Amino acid sequence: MAAHLVSTVPRFTTCSDNVLRGEVTALTRVCVRWWLRHTRDDVVTDCGDLVRAAAGRWARHGIEIDVVLHAVHAGYQTALDWLNTRTGAAEPGGAVETDTKAIELLDLITTAVSKAYIGEVRASAAEHRTAVHTLASALLGGHATAQVARECGIAIAEEYFVLAVHLPPSRNEEHPHLGAQVNARHALRRVQAALADLLGNQAPAVLSVAGGTVLIPQKACADPDLDAMVERLSTLAAVPITAAVVLARTAAVPSAAEQAHELLDTAIRLGYGPGVHRFADLALHYQLTRPGAARDVLGAVLAPLDGHPELMETLRVFVATQLDRRRTARQLFVHPNTVDYRLKRIGQLTGHDMSMTRGMWYLRSALIARASGNAECSAHHPLHGGRRPA
């Protein structure tokens, strides 16, 4: 039987060495002994533990599971052919009994092999995640060294695209009964798997169900390709991802991560959709949201609208639609004349006319400053895979 496996499953023997060849022979003998004793109703020792131990070693040697399972089935085919020629014709029920025992043993062996490989995959994945998390934490903490890189088995790049990532709450349409936390964890695992598929171990990351930070080596992905990569990541993870990016040298990663998350906060507060947001696109917004007297003054411009939520919403939508009154009306489900009336009323209450350039600039800037001031205590800041207190 072992000689037959050597000749019919060359992939198995070429992946192994003399030790593994000997192990194949030993396991074949154990399985044949189990089969013969079981057919005689003798006391049978479970051979599952031996198979699991051997399969685990083969997995660590890099032998693929399909090669092992193919060897198992090839051996069974040979055994069935051999036994059926001796028992099938002589004993009317012999073939049925042989097939029953064969299926039982085949179930035992394939289950043992599968469990062993799954265990090795989980252990390897956990080890990889730990290494990636360790390096990402070191880079974000500003203490990444050559020693850390060697211990993690991941090279440190000269420059990184620092991505601050936001993962919105997700709902599983196929299983709506699942809780929000379960859905969030599923989405997080999909994101982690998608990152591994797209970038392998090149992108250290610290992620939680709310988002986190992903560090992409500058040589692994050009800046124009980041948009397509995040879009692809969103597709694979089945969740719309909003990200802000800052390019930084290794030593500047901690400050770049802080800036990227502040930029991400700005994009989220302003209601910007999924995709990649860059500092050049939001420089004005970023500056207007910095704490200080100027932001407080701008935020106070909208104080007269606090008692008029319909006016505040109209202003927000009007700015978001690039000052298009008809689109604003459609989004608010009102007549365009109603939008005109509300804009006029906003001008009367705030003293800034939206039809004038100066008034429009002040009100738009005030919206940005107000959004920052109202959201400052929400502390959406998953820099290290969680939320930072305000």
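Visitor: Which exposed residues does the face of H14 turned away from its buried side carry?
Guide: In this predicted model, helix H14 spans residues 325-332. Exposed here means over 50% relative accessible area, and on the face turned away from the buried side of H14 the exposed residues are Arg326 and Arg330.

Visitor: Where do the buried residues of H14 lie around the axis, and what arc do they cover?
Guide: The buried residues of this helix are Thr328, Ala329 and Leu332. They are placed on the same side of H14, because the arc they cover around the axis is only 100°.

Visitor: Which helices do the buried residues of H14 pack against?
Guide: The buried residues in question are Thr328, Ala329 and Leu332 of H14. Their packing partners are helix H13 (309-320) and helix H15 (336-350).

Visitor: Which residue caps the N-terminal end of H14?
Guide: At that end, a side-chain oxygen lies 3.1 Å from the backbone nitrogen of Arg326. The residue that provides this oxygen, and so caps the helix, is Asp324.

Visitor: Which strands stand at the edges of the open sheet?
Guide: The sheet is formed by five strands with mixed pairing, in the order E2-E3-E1-E4-E5. A strand at the edge has a single partner strand, so one side of it is left without a neighbour in the sheet, and this holds for E2 (205-208) and E5 (275-278).

Visitor: What is the bridge partner of His166 in E4?
Guide: Strand E1 (residues 159-166) pairs with strand E4 (residues 242-249) in the antiparallel sense, over eight bridges. In E4, the partner of His166 is Thr242.

Conventions. Residues are numbered from 1 along each chain as its sequence is written. This is a predicted model: local features need pLDDT of at least 70, side-chain atom pairs count only at pLDDT 80 or more; totals for chains, interfaces and linings use all residues. Side-chain values use heavy atoms; hydrogens and water are left out. Two strands pair if DSSP finds at least two bridges between them. Helices (H or I, at least four residues) and strands (E, at least two) are DSSP runs, numbered from the N terminus. Buried means under 20% relative accessible area, exposed over 50%, partly exposed in between (1.4 Å probe, protein chains only). The arc is that of the directions from the helix axis to the C-beta atoms. Contact means heavy atoms within 4.5 Å. A polar contact is a pair of N or O atoms within 3.5 Å; within protein, one must be able to donate a hydrogen and the other to accept it, and residues adjacent in sequence count only if both atoms are side-chain atoms.
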